[in-house]
Amino acid sequence: MTGGGTLHLAVATRAFRRYSTYRAATLAGIFTNSVFGVIYSYVYLALWRANETAGGYDAQDAVTYVWLGQALLMTIALWGGGTTDDLAERIRTGDVAIDLYRPVGLVGWYLASDLGRAAYHLLTRGLAPTVIGFVVFGIALPDSPVAAAAFAVSVVLAVVVSFTIRFLVASTAFWLLDQSGVKVMSGAFAIFFSGMMLPLVLFPGWLGTVANGLPWASYLQVPADIWLGKHLGADLLVALGFQLGWAVLLLAACRGVVRLATRKVVVQGG
Amino acid sequence: MAADPSQPLIDVRDLERTFDVRRRVEGRRGRLRESVRAVHDLTFSVDAGEMVGYIGPNGAGKSTTIKMLTGILVPTGGRVSVAGLDPSRDRVPLARRIGVVFGQRSTLWWDLPLRDSFDLLQKMYRIAPARYRENLDRFVDLLDLGAQLDTPVRQLSLGQRMRGDITAALLHDPEVLYLDEPTIGLDVVSKGRLREFLRALNAERGTTLLLTTHDLQDIEALCDRVIVIDHGTSVYDGSLAGLHAEGGSSRTLVVDLVDEAPPIVVPGASVRRVEGPRQWLSFPADASAAPVVAAVAAAYDVADLSIQEPDIEDVIRELYSRGG
């Protein structure tokens, strides 16, 4: 397996380098994230002035949540995109046949690549808004090394879960030839159910229960609550277990879809 | 790991692949569901070390067959075995033992220098470092790629890219090499060099080649055996010479007489055309030209003689039209 590990590391490194060539886009993105961070911060501050303990958050928690959201937006590729867009394009053109001729699983290959991309986005599009949020709004930092480490694990799991959903969306191109319609729909679900629009802790009653059980809760709500120290002790393991459970389940679904695609559909082109 | 030498390397039995397609029909709501047979009743086998041309018109089922041979498409009927493996079940282990080259797609990474693509492939196929260096040096030398190793693939010319792709497909010493239109778009010199390289590869390493192409010169230069597929099934499997006989093609003897004469009468040939002192005689492609030439020379005053070989494209066109 060491050979495979080296390969996937090489794939991830290459994706990291590829994304790092878009410097201007990175800077423009950081600027946009920061502007939205400021706007959302004032909206949330107004909201929490009306209700100082809404969703069990205080005002500082709420502002911290905003900046974590801006920091993770690109890392988890909330809108879709990332390396799964390459996959959708390769399915459309038929180049995916070449990926399938290789002695490597399609899912592992694209996951490695997406993790490389996410690492780059975390270090740039993630780090910059966090620093700005800390300097300008005094956002909270993790209380303990354990919380910080758990947050790091949680972000990796968030990327994996978001990857699997984007992979499944991209795979619809095997049947529909184009992922774009499904991608827009999936993006809308992701924005709402990840808590990017509004923290899931504010969702009332059964909507809250459902939203907190869906895979999108792994994107932002779970890592943010770990950062904020809302999950402690055994509860922390449950939160990470929730993400891990979805990651494993959805990775299996991705594998199943690839198998189904070679069974049921035409890979485009000769 | 080596396949049993008494077994054919590629064994295809009654292979079938159908696709469900939905089609809009005038004057009806919704779509009609139809089953289309891309490949059916296809049986052939290829021994290790053979060079086989796999030809057919567009849409005949060539790439569907290749996809099933490589395991990226599951057959709906029949059996396939390559190197003793079931391709669709053992796709990944099989991928380590085969190479695939497309004329119209690159397996290289667009944004990487050629060398980095090769390094990635070394990791992917887990090629032993010594073997990798040996193969790389050899192919780079034979295919004259030394100056391009550090160039990103997107900046390579088509011919350079093709040679890069061939190298990429061979670094892991595949037992079988599938080539899909490898010479498409190449100039005459590049085509010639590529064919020479493939011939040498087959002679030195015994690599089995399965070649799909529309360029029949590729076939004539490389393949002792041709499989013609049309409408999803094999319509001819045999030698290139036999293909001429099968297609009922004929060779032509062009005779320049010293003087104009009525149509020549000799056994085994018939006159097709007369133009002044020049006459065109046709005789079966599988017959020898010698007795015809001798008979003509004995009975007439001949100024000059030449023989025109049958056009293989005509032969294949004839086969296709028969199948349709």
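Visitor: What makes a local feature or a side-chain atom pair count here, and how are residues, chains and ligands labelled?
Guide: The model is predicted, so local features need pLDDT of at least 70, side-chain atom pairs count only at pLDDT 80 or more, and totals for chains, interfaces and linings use all residues. Residues are numbered from 1 along each chain as its sequence is written, while chains are lettered from A and ligands numbered from 1 in the order in which they are written.

Visitor: What is the confidence in chain B?
Guide: The mean pLDDT of chain B is 87, and 95% of its residues reach 70 or more; pLDDT is the predictor's confidence in each residue, on a scale from 0 to 100. For the model, ipTM is 0.78 and pTM is 0.82.

Visitor: Why is B:E181 called buried?
Guide: A residue is buried if 20 or more other C-beta atoms lie within 10 Å of its own, exposed if 12 or fewer, and partly exposed in between, with C-beta atoms placed from the backbone. B:E181 has 20 other C-beta atoms within 10 Å, so it is buried. Its place is the loop between β6 (176–180) and α6 (188–205) of chain B. B:E181 also has a positive phi of about 50°, although it is not a glycine.

Visitor: What makes A:V184 exposed?
Guide: A:V184 has 12 other C-beta atoms within 10 Å, and 12 or fewer is the condition, so A:V184 is exposed. A:V184 sits in helix α9 (residues 180–193) of chain A. From A:V184 to A:W79 is 105 residues in sequence and 7.9 Å in space, C-alpha to C-alpha.

Visitor: What makes a run of residues a helix or a strand, and how many does chain B have?
Guide: Helices (H or I, at least four residues) and strands (E, at least two) are DSSP runs, numbered from the N terminus. By that rule chain B has ten helices and 13 strands. Of its 324 residues, 38% count as buried.

Visitor: What makes a set of residues a nonpolar core, and which residues touch the most other members of the largest one?
Guide: A nonpolar core is a set of buried Ala, Val, Leu, Ile, Met, Phe, Trp, Tyr and Cys residues joined through C-beta atoms within 7 Å. The largest has 140 residues, of which A:V161, B:V52 and B:L209 touch the most other members. Helix α7 (residues 145–171) of chain A gives the most to this core, with 14 residues.

Visitor: Why is this core said to lie between domain 1 and domain 2 of chain B?
Guide: Domain 1 (10–244) and domain 2 (249–323) of chain B both give residues to this core, so the core lies between them; the domain bounds come from an automatic or database domain assignment. A second, separate core of nine residues includes B:V255, B:I264, B:V266 and B:V292.

Visitor: How many residues of domain 1 of chain B are in contact with domain 2 of chain B?
Guide: Twelve residues of domain 1 are in contact with eleven residues of domain 2. The largest share of the domain 1 side, three residues, comes from α8(B). The residues of that side divide into eight nonpolar, two polar and two charged. The C-alpha centres of the two domains of chain B lie 39 Å apart.

Technical notes:
Two residues are in contact if their C-beta atoms, placed from the backbone, lie within 7 Å. Ala, Val, Leu, Ile, Met, Phe, Trp, Tyr, Cys and Pro count as nonpolar, Asp, Glu, Lys and Arg as charged, and the others, Gly among them, as polar.
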